[in-house]
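Please look at the sequence and the structure first.

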Amino acid sequence: MNLRVSHLSVCLAALFCAAQSLGADLAGYQKSVAPFFKTYCVKCHGPEKSKGGIAVHTLGGDLSAGQELEKWESVLEMLGMGEMPPSDERQPTKAEVLAVRDWIEAGLRDYVKKASAVKSEPQTRRLTNVEYENTLSDLLGFEFAVIGDLPEDPEHHYHFNNTAELMRIGPEQLDRYLEIARRAMRSAIVDAEKPQVIKVRERFQPSGSHSGQAKDEFSALISKFNGSQTAKLMVSGPPLTGEFRFRMSASALLVPGFDEIPFETFMGMPIDGDHTEKPHRILGTAYLSNSPDEPKVYEFRGRIENIPYSTATDKKTGATVHRRELQSQIIFDNGEPNSGNGFSHYQRQFSLLRAVVNWIEFEVPVVDVWPPKHHTDILFESPLRNTNEAAYVRAVLERFMSRAYRRPASGAEVERFVKAYALIRPTVPTFEEAMRETLALVLVAPRFLYHTESDREMDEHYAMASRLSYFLWTSMPDRELLDLAARKKLGDPAVIEQQVLRLLADEKSQRFVKNFTLQWMSIKKSLTVPINNDLYPHFLKLRRAGEVAGTEFPYRPSIRKYMMEETIGFVGELIRQNKSALSVVNSDFAYLNERLAAHYGVEGVKGMRMRPVPIKQEHNIGGLLTHGSVLIGNGTGTAPHPIYRAVWLREAILGDSVAPPPSDIPALSDSGESLEKALSIAQLLAKHRTVESCNDCHFRLDPWGLPFEQYNAIGKFQPKVPKDGARIAPFNDTQHGDLKGYQKYLDTIQTIEVNAKSRVPHGPEVNGMHELKAYLLKEHKTHIAENVIRRLLAYGIGRSLTYRDRFAVKEIFSQNEKKHFLMRDVIVSICRSDVFKESAANPKK
Amino acid sequence: MKQKSWHLNRRDFLKGAGVALALPYLNAMECMAKAAPRTAGKPLPKRFMGIYISYGVYQPDGPNGIPQKKPDGTYQHHDWSWWPQGAPGAITSFNKSSEPFRELKDNVTYLRGLDHKSGYKLGGHSSGDVFLTGANMGETESANNISIDQLMASHHSGQTRHSSLVIGTEGGTGSYLKTKTMSHRGPGKAIPSMHKPQEIFSRLFNPYGDKGVEQVRAGLKRDASLLDLLLDDSKSFHRLLGVEDQRKMDEYLESVREIEKRVESTSMWTHTPLPNMDTKGLNLEVNHKMPREYIRVMYDLAYLAFLTDQTRFATFMTESENSQDSELWNYANYALGYKGATHDIAHKRPADFSGQWDLWRNENHAYFLKRLASTKEGDGTMLDNTLVFYGSAHPHNSHSGVNYPLQLAGGRNMGFKHGQLHEFVDGKKVPLSNLFVTMLQAMEVPTEKFADSTGTLNQLLRA
């Protein structure tokens, strides 16, 4: 049959002949799509050129065949974004574009409706390292840090790694799982007799002053030679497991302008005078506000297994000793320059701000209740234990496995591990030892290590319980969820909604917010971008002479760490306060502490606790676009990088996927000298765009990045840049030693108004960030909201979305459009959607 | 060095001579120099070791790691260049940093202009990931792929107690694009490198700890039964999945089977006595603050593993490009007194430290090669039976991924000839994978193509 596509080339006609019967909409194709392609597309996407891998003449006119639907969807996206045809080509009318979009949209919808055509993609995937650690901790009932012992999970920028494609397994990984499982069970099941307790205590005398400071006083000052002043304690003893308790009697000597002192305790490998950081862990931060007349006792608990140690040999006995050092210090930091040289403003003020510590005490393990609860939760009291060991083992296994598998364990499943127990018991001396080994084996079984929602025997309610908890807690379901599953309640939309709200209100949802945000935003790189200290002498905490100038001070939270918290906390607030998803572009609040507020120039924020702070337009922040983590991570440390920032905006906010540059083109690279010298990057880019192969991508990229130029490489609003070729006056401690002086210094360097003007593709000219944001919120609302929905959905169901999910996304979109996409409501919609349920339920095929 | 950092116990050696360890022990003994009696008829082993140095090397004599050719046909050459001489061809001189290899002139080959195209897109700190794999992680592959040492090891499995030895200075696998190991079993299957000398020694020479062989065997038997149960359990899960998911789960089943195989193999090897090695003179407590001692003990352990035929395939990642979190960051400081991070040398290329840093690394590597070259084996030396591949995935500038600095040593009995500096810069780019094909073939691994190879580099072989 001849489909009469004579307006396209003849060879195409042949291709079309192979297509199936005339679709009902073929008429539509011929009427609006084919002419459209011929007029506007085929020049660059046809038989002669196929830019971007798209050649429209090869796309069949019958979508019901299910061929190349991904490509059809990207055509749809391109038209939807208004990116194609390029602005220097002949432009179609709005009506023409709409007709084509409607036709594609309808065709895709018809195809997806024929559910039988759905290609099943693997859903079975192992737990990510984060999920694994959380699941293990929740299962055992205590925090058990293992991520450091596992091969690191792959990371793909702007994508989530909880997919079947990326979560792979090999023998080494399995080996590690077994090792960790054995270690976990050694901690979870204790021996019958109480272990030896190590208790160390240090008193600090309120006398014996040096430079006007008593031995129990620790000031906020960081000195060039001695670092922070810390209260120290060394803990050494035989290797052991268990809960520890750290206690401290402390108070604060406050000076005017301060309400509290953040006093942080960390513990890890002994420091031995190194200037580099040793592995350690933060035990907690006490916010001291009580006066020395009323010292208070502060307490932190944790597990000793999680604290890094160094080993030594006891010279007398030859036994192995684990050594750990604990230190408490003030982490107050208001952003004042601290050169480490004396007499600065910083030094005068902060030598007076002091924590007073009467004593500190460390005790491990805590044996108030013995055996501990996590032990009796597994090896519970039962008369069977002494009368019928086999029955007792079976009961223990059934209870443990039903939690580990996140659903009731079947008789056959339990029996296999009963057999394992029988094999193990004769080879080890004690019952506890045999149980440890048996249960460790459960922890390497696939039903523990894998997401098992696609297991055919998995009940849909249990599948839903797991899906919800891995989405919103990054961990296994708790008792309430499992109970609801047992009562078959998790199909009820009202119950789902109520559970989503409960899960989000729980502290465990912080794990979701963090895991989700870090991957979505791809901001981890902001921690490693090397900052140019000549241009930004005071960005990093401590500036010392020579090669280590501008290092971040060891063992102290850095501003870059706070910036990560800012981004995570911001997304967390959007959910917690149920704010509009459009807030990712602009918001009336920021998530800050005093250090960050000083950096961004927001006044009146006191203290180190991160919190939502109302902001005004003149602060030039708001939304995610101006976060330090985003701007630094997408800069070079010396200059902003408009391309990185443009890619980030398009990927993370607008939801496009930007292809990496081909390898055979001249690079406008991140490390190229040209970039560091070229302060006017706009000019450099303009030059780059004169090459056609560069222009093809860059005309769609650069315009998005240029308005970001108002923000410098350290993520600060700075609409001026240094004059090209001008000599930069050196930073001077005595003149620029406080925040005001520092700003003055920067002003003397930065003298030229930056060019942040740009014409967005198919849009107006925008000048700077304010106009860019306004434009985005006016013209790209749909993309922004849809992107947030897509990210949450993809993360929630643990796979990349395809064209098949298009309509699920649209449905969630329209459910939330009226109320401007309130974040929490969107999450509820996702969890109640069919696609979420389907993913949670067994495919039955 | 005053004292050799390894030592074979003479009494155990004499005892060991009675058991069937067909190994050239004698050279390992300090006072003896004669060749060891070999069990007649047993072919000489074929070994391979890949060694990685990071951050590139010092090459001030031309852009992109290639010395510039002057109009008169001669080449730019800097005294401290990593290349022993400017011009390609027979090696006639060794300059300052390559000096340690002078004695090994007839055992080394330099290769210039080769690289993995697949590494170009991985960014300045990541092309080391694919140094031995050539995987196209930037574009077509979502994970790394099998490394040549593992391809060799899997092809020759069962010949030695350990199929391979994977060591490094930082340990573990690292992450995607931040590797801490050179060896990969396949996509998503990085092999964690071992970095603690004591642990490596125990793994090699005292794997049973305090347990008797009988007890070990009983334990292994139990483990095998337990793994069977686990496999049963896994299959019961596997059966309940759709086809696509089953394929995914196969990875898990394969992993369990692989561990089972290892248990079997370990059990089998309990019937072969372990070489008796004491730790005298071997400073296993060495730490990163003593970089020279540390690196050499690691080399010694590889040497001993080869010597006692515990394995025939090894990789050693002496540095990674992502060592901010470890003491490696300060290596150049401890070793040379350079006031800054080792990584800074690559960026700043200070004239008085860059060449010295290369020299320091070359001294360590030459120490290992000389150790192999001075141990007799068969009619030749251990080096003749060991192919050693040494280099970095960056040239001069640490952020470039073209034209790796590469050196090949040993392997004479596999057909390699030496004493040349080969340059591959004219005409079409020659993939490094071509060399891999030649090396794999030399190791008797039937290979026509590896990664992006377009042929072989058989010109490195004797005609």
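The questions and answers that follow go through some of these words for this predicted model.

Q: What makes G60(A) count as buried?
A: The cut-off for buried is 20 or more other C-beta atoms within 10 Å of a residue's own. G60(A) has 21 C-beta neighbours inside 10 Å, and therefore it counts as buried. The residue is found in the loop between α2 (26-41) and α3 (69-81) of chain A.

Q: How far apart are G60(A) and R416(A), in sequence and in space?
A: In sequence, 356 residues separate G60(A) from R416(A), and in space the distance from C-alpha to C-alpha is 54 Å.

Q: How many of the residues are buried in chain A, and how many in chain B?
A: In chain A, which has 845 residues, buried residues make up 44%. In chain B, with its 463 residues, the buried share is 54%.

Q: What do the helices and strands of chain A come to, and what does chain B have?
A: The secondary structure of chain A comes to 31 helices and 16 strands, while chain B has ten helices and twelve strands.

Q: What share of the contacts in each chain comes from residues 24 or more positions apart?
A: Counting contacts with a separation of 6 or more, residues 24 or more positions apart account for 72% in chain A and for 64% in chain B.

Q: Which residues meet where α28(A) touches α30(A)?
A: From α28(A) come V788(A), I789(A), L792(A), L793(A) and G796(A), and they meet V826(A), I827(A) and I830(A) in α30(A). By class, this contact has seven nonpolar residues, one polar residue and no charged ones. Gly is placed among the polar residues in this scheme.

Q: What makes α3(B) roughly parallel to α6(B)?
A: Helix α3 (residues 197-205) and helix α6 (residues 291-307) of chain B have axes that come within 10 Å and cross at roughly 5°. The class of roughly parallel takes angles under 35 degrees, and so α3(B) counts as roughly parallel to α6(B). In the contact, P197(B), I200(B), F201(B) and L204(B) in α3(B) meet V297(B), M298(B), L301(B) and A305(B) in α6(B). The residues of this contact divide into eight nonpolar, no polar and no charged.

Q: How do you know that β9(A) pairs with β3(A)?
A: Two strands pair if there are at least two bridges between them. Strand β3 (residues 231-237) and strand β9 (residues 320-330) of chain A share seven bridges in the antiparallel sense, and G237(A) stands opposite H322(A) in β9(A). Strand β5 (residues 261-268) of chain A also pairs with β9(A) in the antiparallel sense, over six bridges, with M267(A) opposite L326(A). Strand β8 (residues 310-313) of chain A and β9(A) are antiparallel as well, over four bridges, and here A312(A) stands opposite V321(A). In the hairpin of β8(A) and β9(A), which has six residues between the strands, G318(A) takes a positive phi near 80°.

Q: What makes β2 and β4 of chain B edge strands?
A: The open sheet of eight strands in chain B has the order β2-β12-β3-β11-β10-β1-β7-β4, with mixed pairing. Strands β2 (89-90) and β4 (165-168) each pair on one side only, and they are the edge strands. Within this order, strand β1 (residues 47-52) and strand β7 (residues 313-317) of chain B pair in the parallel sense over five bridges, and the bridge partner of G50(B) in β7(B) is T315(B).

Q: How many residues does each chain bring to the contact between chain A and chain B, and which helix of chain A gives the most?
A: The contact takes 43 residues from chain A and 47 residues from chain B. On the side of chain A that touches chain B, α6 (171-188), α11 (411-424) and α13 (446-449) each supply at least two residues, and α11(A) gives the most, with five residues. By class, this side has 17 nonpolar, eleven polar and 15 charged residues.

Conventions
Residues are numbered from 1 along each chain as its sequence is written. Chains are lettered from A and ligands numbered from 1 in the order in which they are written. This is a predicted model: local features need pLDDT of at least 70, side-chain atom pairs count only at pLDDT 80 or more; totals for chains, interfaces and linings use all residues. A residue is buried if 20 or more other C-beta atoms lie within 10 Å of its own, exposed if 12 or fewer, and partly exposed in between; C-beta atoms are placed from the backbone. Two residues are in contact if their C-beta atoms, placed from the backbone, lie within 7 Å. Axes are lines fitted to C-alpha atoms, for helices over the stretch in contact, and angles run from 0 to 180 degrees between N-to-C directions. Angles under 35 degrees count as roughly parallel, over 145 as roughly antiparallel, 65 to 115 as roughly perpendicular and the rest as oblique.
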